[in-house]
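Biologist: I am new to this structure and would like to learn how to read it. Could we go through a few features one by one?

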Amino acid sequence: MTGAAEEVLADPVGLVVRLVGNVEKRLDAAQVRDIVCTVVRARAGRRSLAQALHDDSSLLRAGRPPAPYCVAKLPMALNEAGAQNVALPRCGECGRACRYVGSSTGGRWGCSPCFDKPAVCVGCREERRVVSRDRHGEPRCANCPDTEGDPPQELTELVTSLDPALDDELVLAALGRATVRPAGQRRLAWAVVARPELLTSVGYEAPAPAVLWFIDELVKAGTTNVVRPACPRCHGVKALSKPLDGKRVCRACFARHAAVPCFGCGAVREPATRDAEGRPLCPNCMIRQPANLEECVGCGRRKPVANRLSDGPRCQNCRPRITAECSICGRTALCDMSRATGQPWCDRCQQRWVAGSGCGTVTQARSGTWEAPLCAKCTNPDPECWGRCPVCTGTWQLSTRPCQRCVLDQQVCDLLGGATGAIRPELTLFHEALTSAERPDVAFAWVSRSKARDLLERIGRDKRPVTHAVLDELPGGEVLAHLRSVLVATGTLPPRDERLIALEKWITATAQARADLAERRILHGYAVWHHMRRLRRRLGDDHTTRLQDQNVRCHVTAANSFLDRLGREGLTLGTCTQTDLERWIADPSVSYRGETGHFVRWSVQHRHARDLTYGTVRWTGPLSTIDSEKRWADARRLLNDDTLPTPDRVAGLLLILYAQKIANISQLTVDDVHFDGDTVSHVRHLASRPPRAAGHPGPRARRDPPRQGRVRHPAGRSLAIPRRPARTPPRRRPDRPAPPQDRDPAQAGPLHRAVHPSHRSAGRDPRPNARHPHQSRCPVATGIRRGLGRLRRRRQPTRFGEPMRLPITIHHARLGATEFKIIRPAQPLPHAVLIDHDRHLGAYLDQDAARRIGGLWALAATSPRALIHLPMRSNQPPSRELPEDATRQLDLVLLHHSLQFAPARWKELRSRLGPGRPRTVTLSDSGLESDAVADYEARHYQENRDLFHQHLHAETLFMTGSTKVFSQTARHFLDIARNGPGYVPVHPNYPYFCTELHSNDGILGDAREIHIEYCDEWNS
């Protein structure tokens, strides 16, 4: 490409000014530039003019066609401005110079006498130049005007007869505003008088657009009998600006009719232009064509132009923006100046959809505040200050482009309309559901996804009615599942059990994957005629649950794996022996043992295998509510049956007699049990006091039944649960006084039962026995001591300056083929809350919670393959008053970005967590508290990736970051724990000690700021 050709694309106006300046010296360059920009406004026309003058510069001196019509318009404008060396354009027929020429096809132009063809006048019957035409369309010369009737008066009488509320002056004024020329007014009146129904029902058949303008003026004047016509294709009352097949349609229907596949991207849209070879291009591809790119004065790259300023064009990234305080949300960020208010507003507020505080309409926020946003109508109620959407004419906006809802409607119609553009009746409700969504931007984002567009296009092109069977032929995935759910919700499709259908497909694919026909038949019978039959009988009219689906899949997978194992060993179910089966059972690498045993037993029952035995354990426990007699019988059995394991007997007695939960019993440690001679005392409060056990021993009970608070052992020793404090750890402490004997027994805890004075031995000391507990030979006490000895933990308080011992619980859960590791604090954090303040987050902690969270924060830096979960949303808030913008309390999850965990799966993963395994990690306190060497300047570089990112899902805040950012920010919590308790008491006037993860620190990517505050007073 030559330099001149490049200039035609890059600066066509400059090239034309230079070429004109070479010919005309009387006009300066600024005057010529203004004339060129006025004559030719479009960029394509300017390039066409520059290219024509570049190819033949003699056009400015000769002025002869053929050439683009803009070449003729430029000399006419230059001569009118006083040019002397630029020739006027010449007629292509007679060759004379003219001050005005008309255009024709093929780059020809000429004068009126040459272009106007004579015709036979209907009045004088002579061939003359046509000046006008009568109401029948016949030509008339200048000497024979049409004088039949008074068309404006006839029109006035017609309109006033339709609506007597209108007078003649209003009708004539509306006619004058609809069209100015008398000839046009006559044609309008003739058309309406000939067809009065144009004013009431079939206005879309108007022969001229002036009829529609006249109807609009009458409606604005207040008439009720004259109505605006609806589009004959979409039946919407819109502006009918395009003629199509003898009728006038709206812009959207014409665009759908003219839509063709774009040569660039393939989208079926109305072409915005065509390339040099005549191929259509959509608007997006047109502005991205290399010829339409311009060099940005900001970055120097050739990109699509976003703004044109006095210094030159600028791209989207270099458009003028300022760092200011947003007038809506109050954040300091990069902002644009709002054309509606003249105030700065950030990108987040420009894209925010809200329910307006003034009218309640869900629309885009245009002004107001974050708490009380305002829509366009509430910002400025004056309708003259706003434009309208050119398609629906209802959306108030400043842009001349169609609104988002109209763009969404066009996209959906393009996709569902198929080749004809008409949406089938069964898809009408689905189309309305998509286009009438409360948030059209969300629906448009979903429709713009490639998978969604492909599915909608396939449905639109398919001539068959939309059924589940038709959708089953499409590629599966989450997009199809969502599309099917929308079709079901709108009534287009009937509801069905999708999980059951997917399970049937999976079973069919699994069975068909087996090469052996006999094994395929066995696996099909086991899955379909056993599991699926039982599942359908159990479901009835209900839908399959996730656990039911997983149960069937696990059994079928186990059967398939067992058949694979037999195939690798050269065996089948018929040739497999008990020895082979036991060898498989002894293999520690096998899985699904219980499910495989079920398949083996089924195979033997249905004679697919012989002489195989796989043991099973049948549940023999209670299947219904246990009555009082059964409860006391179980208690006597646990007390007297020495064949049962002692730990099971103790746990059962705690469950039956004191209604303790299994989870609480499993957490008992040796520190919670006290041995005193023949008495085993438990003093730990596990829960609030349950109701006393109802019922009595019954007629067959022993004469002396066990009393509350004392359990009689067969050997004569008693197991008492007195109301006494726990035995202190083995270190020097002052002896605690014994509780008074007259204390109210009704105030005892769930494991605290007062022993009546008459049941105590006279010589028994109520205080703990001085003998060492190992001297006791009570077998029950020995069993409890041995069973709980493994759980002994010495609790030593951590101090600043020493290594931190952090008790945690490690959980493992699996989602599909991926196993996740979840770390939780072993003990809850009662004095820690995380509150969502809408624009920022607030963490309120006491000393212990701040220190432990700081340790877990540092642990996240060294545990990139684990999720650290801090449950806090159910905690009580601090006793002092919190800010009014506090909305809700959240849990906290810390995770490394390399884990790539989707927060949407957290709720399912959380439901699969078991009790976990207790562990204790040791963190170097010096490493925690020392300030890591951080390059604060590098944090603000564009290529910095050590940033926090936040996601909010299922009332849980996910903090995703790198090892570096976790290790450098843990000190915020440790600073609260170290300095908060000492600061608050000595500053009573301002008892607030806090720190903050601030946006100016360069560590928050798209995350909100976190305010961390020390609180020493909490609600109970």
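Predicted model: local features only at pLDDT ≥ 70, side-chain atom pairs only at ≥ 80, totals over all residues.

Biologist: How is a single pair of rings described, in general?

Modeller: A pair of aromatic rings is described by the distance of the centres and the angle of the planes. In this protein the count comes to 13 aromatic pairs. One of them is F901 with F958, a tilted pair with 6.5 Å centre to centre and 35° between the planes.

Biologist: Which parts of the chain does the pair of F901 and F958 tie together?

Modeller: F901 lies in the loop between β35 (888-896) and α32 (906-911), and F958 lies in strand β38 (residues 956-961), so the pair ties together parts that are 57 residues apart in sequence. Both F901 and F958 are buried.

Biologist: What is the geometry of the pair F948 and F966?

Modeller: Their ring centres are 5.2 Å apart and the planes stand at 80°, so this pair is edge-to-face. F948 is in the loop between α33 (925-929) and β37 (949-953), while F966 is in helix α34 (residues 963-969), so the pair ties together parts that are 18 residues apart in sequence. F948 and F966 are both buried.

Biologist: Which residues place a charge over a ring?

Modeller: Two cases can be given. The charged end of K242 sits over the ring of F254, 5.5 Å from its centre. R352 lies over the face of W370, at 3.8 Å from the ring centre.

Biologist: F254 brings us to its helix. Which residues of α12 are buried?

Modeller: In helix α12 (residues 251-258) the buried residues are A252, C253, F254, A255 and R256. They pack against β7 (240-244), β8 (247-250) and α16 (404-416).

Biologist: Where do the buried residues of α3 fall when seen down its axis?

Modeller: List the residues, then look down the helix. V32, I35, V36 and V39 are buried in helix α3 (residues 29-39). Their directions fall within an arc of 100°, so they line one face of the helix. The buried residues of α3 pack against α2 (12-23), α4 (43-55) and α6 (69-80).

Biologist: Let us move to the nonpolar cores. How many residues has the largest one?

Modeller: The largest nonpolar core has 48 residues, and those with the most contacts inside it are I853, W857 and L892. Helix α31 (residues 847-862) gives the largest share of this core, nine residues. Leaving aside neighbours within four places in sequence, I853 is in contact with L829, A832, L845, L870, M872 and F973. A second, separate core has 36 residues, including L188, V211, L244 and C389.

Biologist: Is L563 buried or exposed?

Modeller: Here a cut-off is needed: under 20% relative accessible area counts as buried. L563 has a relative accessible area of 2%, so it is buried. L563 is found in helix α24 (residues 546-568). Not counting residues up to four places away in sequence, L563 touches R514, E519, L523, L573 and F599. L563 and L573 are ten residues apart in sequence and 7.7 Å apart in space, C-alpha to C-alpha.

Biologist: And where is S591 found?

Modeller: S591 is in the loop between α25 (578-586) and α26 (593-605). Its relative accessible area is 45%, so S591 is partly exposed. S591 touches W584 and T596, again not counting residues up to four places away in sequence. S561 is 30 residues from S591 in sequence, and the two are 9.1 Å apart in space, C-alpha to C-alpha.

Biologist: What should I know about the backbone?

Modeller: Most residues other than glycine have a negative phi, and most peptide bonds are trans. The peptide bond from P65 to P66 is cis, with omega near 5°. P66 has its place in the loop between α5 (59-62) and α6.

Biologist: Which residues other than glycine have a positive phi?

Modeller: Among them are A954, with phi near 55°, and E955, with phi near 60°. A954 is in the loop between β37 and β38, and E955 is in the loop between β37 and β38 too. A954 counts as partly exposed at 23% relative accessibility, and E955 counts as partly exposed at 32%.

Biologist: How many helices and strands does the protein have?

Modeller: The protein has 35 helices and 40 strands. Buried residues make up 40% of its 1020 residues.

Methods. Residues numbered from 1 in each chain as written. Heavy atoms only, no water. Helix = DSSP H or I, 4+ residues; strand = E, 2+ residues; numbered from the N terminus. Buried < 20%, exposed > 50% of the residue type's maximum accessible area, 1.4 Å probe, protein only. Contact = heavy atoms within 4.5 Å. Phe/Tyr/Trp six-rings, centres within 6.5 Å; stacked < 30°, edge-to-face > 60°. Lys NZ or Arg CZ within 6 Å of the ring centre and 35° of its normal. Arc of directions from axis to C-beta. Core = buried A, V, L, I, M, F, W, Y, C linked by side-chain atoms within 4.5 Å.
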